[in-house]
Amino acid sequence: MNERIEKAYASRPRKWVWYLTIVVIVAILMIWSGSSMESSGTTENGAKIAGNILSGIFHPDMSLFNLTKQGIPYLLLETVCIAFLGTVVGAVISIPFAFLTAQNLVPKPIAFIGRLIVMAIRTIPSLIYGLMFISVTGPGPFAGLLTMSLCSVGMVSKMYTEAIEDLDTKILESLDAAGCTTWQKIRHGILPQLAPNFASTAIYRFDINLRDATVLGLVGAGGIGAPLLFAMQSYRWNEAGAILLGLVILVLIVEFISTKIRTKLTRG
């Protein structure tokens, strides 16, 4: 018995060669990637500017926390509205896309075409979409809303498709054997399985859209990004620190609430 074990151990596949090959390839890729990184060096006033940035962050201009349209609370509310409406619109549009790209519901050629469309939507960065919509509708929150909606479709529809393809078909077969109609099978067999996943995906996408909406403001698509950019370009670090403080508080609040909701959805 021991001899058989020793022979099996001796004839085991030698995977260390593959592991060593992978390590060498990764090391070569890291060295090659690092060789393309060039630094122009720091300026004479670089340390002073860095100190001013940190000082502005830790000493924000609290006078910006007012209730006017130029105040941080209003701009944060505008950012949240852009992210929320963009998530809702994108989640609704993603539902038919998800059913058309699920291979267990539609023929494979149709699902393949739908996946190509979703992949194409997901490939383009949100800033490019923002610049495109600004050229069409002009700068403002509406361009940000359209951008968030289209960007949401790319990711949300993919997640929805995975949830649909993971449906437990045995439940549908049981309902079919019980003589249920198509609507009853959808109502009692499909929706209870999909609703938690769909809602959890939409909430997760809202977290992403909230951060993207801030970046979109840098190109004029509404929100708090533009004031942040103007403050940094004008070296008004106290104002930039106040805006960043508001963003941090907002993200923490949204993250806490969304985590609680997703946990309840996951646990039923």
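Modeller: Let's start with L247: leaving aside its neighbours within four places in sequence, L247 is in contact with L76, T214, I224 and L228. This is a predicted model, where local features need pLDDT of at least 70, side-chain atom pairs count only at pLDDT 80 or more, and totals for chains, interfaces and linings use all residues. Residues are numbered from 1 along each chain as its sequence is written, and side-chain values use heavy atoms, with hydrogens and water left out.

Colleague: What makes L247 and L76 a contact?

Modeller: Contact means heavy atoms within 4.5 Å, so L247 and L76 count as one.

Colleague: Why are I72, L76, I224, I243 and L247 placed in a nonpolar core?

Modeller: Such a core is a set of buried Ala, Val, Leu, Ile, Met, Phe, Trp, Tyr and Cys residues joined through side-chain atoms within 4.5 Å; buried means under 20% relative accessible area (1.4 Å probe, protein chains only). Those five belong to the largest core, of 21 residues, and touch the most other members, so they meet that description.

Colleague: Which helix gives the most to this core?

Modeller: That is α11, with 7 residues. Each of α4 (72–101), α9 (182–216), α10 (225–233) and α11 (237–267) supplies at least two. Another core, of 13 residues, lies apart from it and includes M155, Y160, A163 and A202.

Key:
Buried means under 20% relative accessible area, exposed over 50%, partly exposed in between (1.4 Å probe, protein chains only). Helices (H or I, at least four residues) and strands (E, at least two) are DSSP runs, numbered from the N terminus.
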